[in-house]
Structure formats: C-alpha cells, structure tokens
Amino acid sequence: MKLEESKTFINLAKDFAGECQARTRYKFLEYGARKEGYGCLAEIIDKVVYNEFNHARMFYTFIQRASKEQIKNIDIDTGYPFKQKWDLIENLRISAEDEEHEFTKIYPEHRKIAEEEGFSEIADLYTNIIQVESCHHKLFTDLYNQMSKGTIYKKAKPVKWKCAACGYEHTSEEAWKVCPLCLAPQGMVMLKLKDE
Ligand SMILES: [Fe+2]
Ligand SMILES: [Fe+2]
C-alpha cells in the first residue's frame, strides 16, 4: 500500500496538527507560569513544549517521505480540544488529561492502523511517542498536585532547595521567599519533581 493512499497518511497529518496545537497550548501554560512568577515551573513546561515540537517534526518528516512531489494539501476532518481558560492550576490538570488521552487512546489506535497497513517504522514512531506522552502525563499530574495542594515550595519534611539563578542551597521545609544570596524570587527555586 502506498503511504499517500493509506489511513496512516491522514493520521500523520492529524497528529502533526495535534502536536502543533499541544505545543501552543503548553506555550500558553509556560507564559502563564512565567507571568505569575514561577520561573522554574515555566522552564520545565518549556521542555515539554520542545518535546511536542519534535513530535510534530517527526510526523511531518514521515508525511514528506510519501512523495518527492510537493504535497500541496491534506484534508483532515477531526476534532481538537479547546478546554483551557487562563487558569494555571486548572490548565495543568487539563494538560495531564490531554496527555492521558494521547497515550492511552489516540496514538495506540494510530499505531494499530500503521501496523495493519504495513508501516512498521511509523508504528515504531508511535510506540516511542506513547512512551514520552505517558511521562508528560506523570509530569503534569505531579505539577498539578503540587500546585493545587500548595506543596510546590512547602514540604512536610525538610528538603534541600536550590536557587536556579545563583546556585545557593539550603535545607528547610519551606523555600525562601527571596534568595538570601542573589535576591531572586521564590519562583526561581528549583522544583522537587516526583520522577527525579
Ligand atoms: Fe507529543
Ligand atoms: Fe506530550
């Protein structure tokens, strides 16, 4: 089967669009985090933004392999979520939800179709992206839990905090409001993530 005539070809186009949108949605999130003074949180989200860019890039690359000619247009008929308002904590929760939908539903379905149509390399791409989206899901869930419970910079036991701006370290339950060395705000204290 020619890629151009397959369902996989359309799925690649849908998933390229989906990843471009995820990238932009997470850029909204990063923008919101930075605006509210959570510089280190914004940096973590920005890494996810770059991951989604690279997922989009790989879907695009596989689409290009279908033809040496210029691909002028691919019609896709599908839906995408528009759930986020400008609420940082709620948007973290929604992001975790969207990632779960990707790695448990959309990409496994598209992988199955790619396998059935004989595109094993594309099926492998889906397998690898599923692994990353499941990590994104865990990350957003962790960030949502910490932000909603107010434990992002306040723990039950003393932990070692580190200023991302100057490297100052101190062990305490709660991170400093202003760095005693460089005066950076609390949002520049590096986060304690579950998976690190
Ligand atoms: Fe992605
Ligand atoms: Fe993701």
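**Domains, helices and cores**

Author: Four residues of domain 1 are in contact with four residues of domain 2, where contact denotes C-beta atoms, placed from the backbone, within 7 Å. By class, the side of domain 1 that touches domain 2 has two nonpolar, two polar and no charged residues; Ala, Val, Leu, Ile, Met, Phe, Trp, Tyr, Cys and Pro count as nonpolar, Asp, Glu, Lys and Arg as charged, and the others, Gly among them, as polar. The model is a predicted one, in which local features need pLDDT of at least 70 and side-chain atom pairs count only at pLDDT 80 or more, while totals for chains, interfaces and linings use all residues. Residues are numbered from 1 along each chain as its sequence is written, and chains are lettered from A and ligands numbered from 1 in the order in which they are written.

Reader: What pattern does the protein follow along the sequence?

Author: Helices (H or I, at least four residues) and strands (E, at least two) are DSSP runs, numbered from the N terminus. In this protein there are four helices and two strands, and the pattern reads α-α-α-α-β-β. The C-alpha atoms fill a box of roughly 65 × 30 × 30 Å along the principal axes.

Reader: How does the reach of helix 4 stand beside the expected value?

Author: The expected span is 1.5 Å times one less than the number of residues in the helix. Helix 4, with 30 residues, reaches 44 Å from its first C-alpha to its last, close to the 44 Å expected. Helix 1, with 29 residues, reaches 42 Å, close to the 42 Å expected. Gly 150 follows helix 4 with a positive phi, near 70 degrees, and just after helix 1, Gly 37 takes a positive phi of about 90 degrees.

Reader: Which residues of helix 4 are buried?

Author: A residue is buried if 20 or more other C-beta atoms lie within 10 Å of its own, exposed if 12 or fewer, and partly exposed in between. The buried residues of helix 4 include Ile 122, Tyr 126, His 136, His 137, Phe 140 and Leu 143. Helix 1, helix 2 and helix 3 are among the elements that cover the buried residues of helix 4. For the protein, buried residues make up 29% of the 196 residues.

Reader: Which residues touch the most other members of the largest nonpolar core?

Author: In soluble globular proteins, nonpolar side chains tend to be buried together. A nonpolar core is a set of buried Ala, Val, Leu, Ile, Met, Phe, Trp, Tyr and Cys residues joined through C-beta atoms within 7 Å. In the largest one, of 24 residues, those touching the most other members are Cys 40, Leu 41, Ile 45, Phe 140, Leu 143 and Val 189. Helix 1 (7–35), helix 2 (39–64), helix 3 (88–116) and helix 4 (120–149) each supply at least two residues of this core, which also draws at least three residues from each of domain 1 and domain 2. Apart from this core lies another, of seven residues, including Tyr 107, Phe 119, Tyr 126 and Ile 129. Leaving aside neighbours within four places in sequence, Phe 140 is in contact with Leu 92, Ser 95, Ala 96 and Glu 99.

Reader: Is Asn 11 buried or exposed?

Author: Asn 11, in helix 1, is buried because 25 other C-beta atoms lie within 10 Å. Beyond residues up to four places away in sequence, Asn 11 touches His 110 and Ile 113.

Reader: How many bridges join strand 1 to strand 2?

Author: Two strands pair if DSSP finds at least two bridges between them. Here five bridges join strand 1 (residues 154–162) to strand 2 (residues 169–174), and the two run antiparallel. Trp 161 stands opposite His 170, and Lys 154 has Glu 174 as its bridge partner. The strands form a hairpin with six residues between them, and Gly 167 in the turn has a positive phi of about 90 degrees.

Reader: Is Lys 160 buried or exposed?

Author: Lys 160 lies in strand 1 and counts as exposed because there are 10 C-beta neighbours inside 10 Å. Lys 160 touches Glu 169 and Thr 171, residues up to four places away in sequence not being counted. In strand 2, the count of buried residues among its six residues is zero.

Technical notes
Domain bounds come from an automatic or database domain assignment. Two residues are in contact if their C-beta atoms, placed from the backbone, lie within 7 Å.
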